[in-house]
Amino acid sequence: MTTATAEYALLPDERGRFGVYGGRFVPETLIPALDELTLAYAAAQQDPAFQKELDGHLKDYVGRATPLYYAERLSDEYGAKIYLKREDLCHTGAHKINNALGQILLARRMGKPRIIAETGAGQHGVAVATVCARFGVECEVYMGEEDTQRQALNVARMKLLGARVIPVTSGTATLKDATNEAIRDWVTNVRNTHYIIGSVVGPHPYPMIVRDFQSVIGREARVQILEKEGRLPDYVIACVGGGSNAMGIFYPFLNDGAVNLLGVEAAGEGLNSGKHCAPLTAGTLGVLHGSASYLMQDSDGQVAVTHSISAGLDYPGVGPEHAWMKDAGRAKYVSITDNEALEGLQKLAHREGIICALETAHAVAYLEKMRPQLTPETILIINCSGRGDKDMNTVVQSLELT
Amino acid sequence: MSRLSEHFAALRSRNEKALVCFVTAGDPNPDATVALVETLAKAGADCVEIGIPFSDPLADGPSIQASSQRALEQGMTVRKSLEVIRRIRARVPDLPLIPMTYYNPIRHFGLTEYARQAKEAGADGHIVTDLTPEEAEEWKRICIAEGLDTIFLLAPTSTTARIEIVTALSDGFVYCVSRTGVTGLRDDIPAELRDVVTNIKAYTDKPVFVGFGISRPEHVERIVAFADGVVVGTSLVNLIHKERDNPDLLEIVYQYVASLKAATR
């Protein structure tokens, strides 16, 4: 197992492959830009000044390190030791800023004056709009029209930060289509534009770059749990849409074979309803947005219409490294329905005074499924990937709160 | 020599440039697609790309996206697209036919089985928009085994190293994208295009065709001054959609395509 896990850290290979997953399935026009990004990133990694600048901003602007919080009353409820990695306390309210910050520094190194991004829940869009404001860079964010409605608060935030939000009406008008439009923009404006992808998806080198920038979460959590408990956790749990917060917290634990990694996908109205977005649980191998991975698709290879109460998880694909980790057995992927997520959200609010994002609520809700196997000695870390303010409209409607 | 290579060599010996047309299989319906391609051939098209629709066509602009969506909503599938190609082939035995699609639908179908059926239906070669040579190893091998051409694309951003790879691996012709961007109508021809094409031609004797944003005879005339042919897609797709209920649809398409073809001579 040690040998097998040691290999994870070496992936992707130079073609951007995680086993059969990953790669670069994009129009020719983008290949030189991906090569340029690969080189710029490799140079940045070798440059101590880059890491120092990034660390400085992560500390003073984002507010890192985020706490690893012992959730006492939640622990009492489940009879285990539950810790929350408080990414919701990051500036802008979610882990997305870790990657946005790293990538804007890369864009500056490459001399690209214009930034574009896609966003689902709006957390990545807000993070990108934020760093663009911070560094004085032009910013355009593509967002599915349906998402602009269910995440209206984040649209307002992006606009206030000076970004242009472009509603996308094509296809299903959600994250998948916003990503298509962002790629089309990039193909068109590739010479002066850097595309900040928000998750561990897309063509190589994006899944690697986003993972690396997000892995600050897991590096901190690993040190913090050793300080607090003197040992590694039994479980690390995170929600998975594209999979960036999960990859960020999983990656530094990959070589710790005894740590169980659990990714929680969105089962929507149920895996049998057809209305879900759980490609790792119920999808098949496919190619979308530049990489091969598990994909929700129909019998003709057309990308399926997905559903989740959580805009950030409402995506038919998933990062290629998750696909690889699933097949290799290093991580396990499970799913939680809309209703279960709403219960998880309320439980965390009632028990800990923390209103988390609907995405995060999927990870919290999985505790209920684990209840029978938990003991007072079991140590779990849940990645509390984001705060829930943006979801209040959805939650109010779903729970009929007034 | 493949039908594509033979056909374009014959054009070259007549000192004539190529007109390649694009239509989406099944938009507005399969019968119409068959009749339209036959009309394109009569009007002088030298080759027709048959779009096999995909739900997420990220290299296409709004017109072809919408066309793909309409075809899918009509129940178009990869299998039915191949059936359309089979029917077209029966009507136009000698016209080079190139299915154009994205990787996921054919990968999902099964590359080997897809290639076998495409060949049997009468396809000559393929353009898979999101499959660059680096990712196309298996696909290329399968196509060689089936006797199908694979056409790869170059863009204004392509480096010398990539021009060498793509010109070496592309069969029949090399598809040069006229500008950074997706398919769709443009008023002008980019100033840099002549240099881009001239540079590519320094690396290959294969014909170099230019596509994306070409819609008018005057565009064609200007481009064939330095390229070996043009690809016209969006304007044709738009015209077909606009006139889909007009009883004179085929005549209107014929006139339009004949005017484009005249500009290649």
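**Entry 1. Terms and model**

I note at the outset that the model is predicted.

**Entry 2. Cis peptide bonds**

I looked up the loop between strand S1 (18–24) and H2 of chain B, and found B:Pro28 in that loop. The peptide bond that joins B:Asp27 and B:Pro28 is cis, with omega of about 5 degrees. A:Pro12 belongs to the loop between helix H1 (2–8) and strand S1 (17–18) of chain A.

**Entry 3. Positive phi in chain A**

I then turned to phi. Most residues other than glycine have a negative phi. A:Ala173 is not a glycine, yet its phi is positive, at about 55 degrees. I located A:Ala173 in the loop between strand S7 (164–168) and helix H9 (175–189) of chain A. Its relative accessible area is 11%, and buried means under 20%, so A:Ala173 is buried.

A:His289 is not a glycine either, and I read a positive phi of about 50 degrees for it. A:His289 sits in the loop that runs between strand S11 (284–288) and strand S12 (291–295) of chain A. With a relative accessibility of 2%, A:His289 counts as buried.

**Entry 4. Helix H10 of chain A**

How many of the residues of helix H10 (residues 206–214) of chain A are buried? I found that 9 of the 9 are, so the helix is largely enclosed by the rest of the structure. The buried residues of H10(A) include A:Arg211 and A:Asp212, and A:Tyr206, A:Met208 and A:Phe213 are also among them.

**Entry 5. A:Gly268**

I looked up A:Gly268 and found it in strand S10 (residues 260–268) of chain A. A:Gly268 has a relative accessibility of 1% and counts as buried. Apart from neighbours within four places in sequence, I list its contacts as A:Lys275, A:His276, A:His307, A:Ser308, A:Ile336, A:Thr337 and A:Asp338. From A:Gly268 to A:Arg184, I read 29 Å between C-alpha atoms, and the two are 84 residues apart in sequence.

**Entry 6. Chain A against chain B**

A:Arg184 came up again when I examined the interface. A:Glu28, A:Arg184 and A:Arg191 are the residues of chain A that lose the most area to chain B, together 23% of what that side buries. The area buried between the two chains is about 2,900 Å², and carbon and sulfur atoms give 49% of it. I recorded 36 residues of chain A in contact with 37 residues of chain B.

**Entry 7. Two helix pairs in chain B**

I returned to H2 of chain B. Helix H2 (residues 30–43) packs with helix H4 (residues 78–91) of chain B at an angle of about 35 degrees, and their axes are 9 Å apart. The crossing of H2(B) and H4(B) is right-handed. On H2(B), the contact is made by B:Pro30, B:Asp31, B:Thr33, B:Val34, B:Val37 and B:Glu38, and on H4(B) by B:Val84, B:Arg87, B:Ile88 and B:Arg91. I sorted the residues of this contact into 5 nonpolar, 1 polar and 4 charged.

The second pair is helix H6 (residues 111–121) and helix H7 (residues 137–146) of chain B, with an angle of about 35 degrees and axes 10 Å apart. H6(B) and H7(B) have a right-handed crossing. H6(B) contributes B:Leu111, B:Thr112, B:Tyr114, B:Ala115, B:Arg116 and B:Lys119 to the contact, while H7(B) contributes B:Glu138, B:Trp139, B:Ile142 and B:Glu146. I count 5 nonpolar, 1 polar and 4 charged residues in the contact of H6(B) with H7(B).

**Entry 8. Two residues in helices of chain B**

Is B:Thr234 buried or exposed? At a relative accessible area of 6%, B:Thr234 is buried. I found B:Thr234 in helix H11 (residues 234–242) of chain B. Beyond four places in sequence, B:Thr234 is in contact with B:Ser63, B:Ile64, B:Thr183, B:Gly184 and B:Leu185. A polar atom of the B:Thr234 side chain lies 3.3 Å from the backbone nitrogen of B:Gly184.

B:Asp195 lies in helix H9 (residues 193–201) of chain B. Its relative accessibility is 56%, and B:Asp195 counts as exposed. I read 9.1 Å between the C-alpha atoms of B:Asp195 and B:Phe226, which are 31 residues apart along the chain.

Definitions and conventions: Residues are numbered from 1 along each chain as its sequence is written. Chains are lettered from A and ligands numbered from 1 in the order in which they are written. This is a predicted model: local features need pLDDT of at least 70, side-chain atom pairs count only at pLDDT 80 or more; totals for chains, interfaces and linings use all residues. Side-chain values use heavy atoms; hydrogens and water are left out. Helices (H or I, at least four residues) and strands (E, at least two) are DSSP runs, numbered from the N terminus. Buried means under 20% relative accessible area, exposed over 50%, partly exposed in between (1.4 Å probe, protein chains only). A polar contact is a pair of N or O atoms within 3.5 Å; within protein, one must be able to donate a hydrogen and the other to accept it, and residues adjacent in sequence count only if both atoms are side-chain atoms. Contact means heavy atoms within 4.5 Å. Axes are lines fitted to C-alpha atoms, for helices over the stretch in contact, and angles run from 0 to 180 degrees between N-to-C directions. A crossing is left-handed if the near helix is turned anticlockwise from the far one by less than a right angle, and right-handed if clockwise. Ala, Val, Leu, Ile, Met, Phe, Trp, Tyr, Cys and Pro count as nonpolar, Asp, Glu, Lys and Arg as charged, and the others, Gly among them, as polar. Buried area is the accessible area (1.4 Å probe) that two parts lose on being put together, summed over both.
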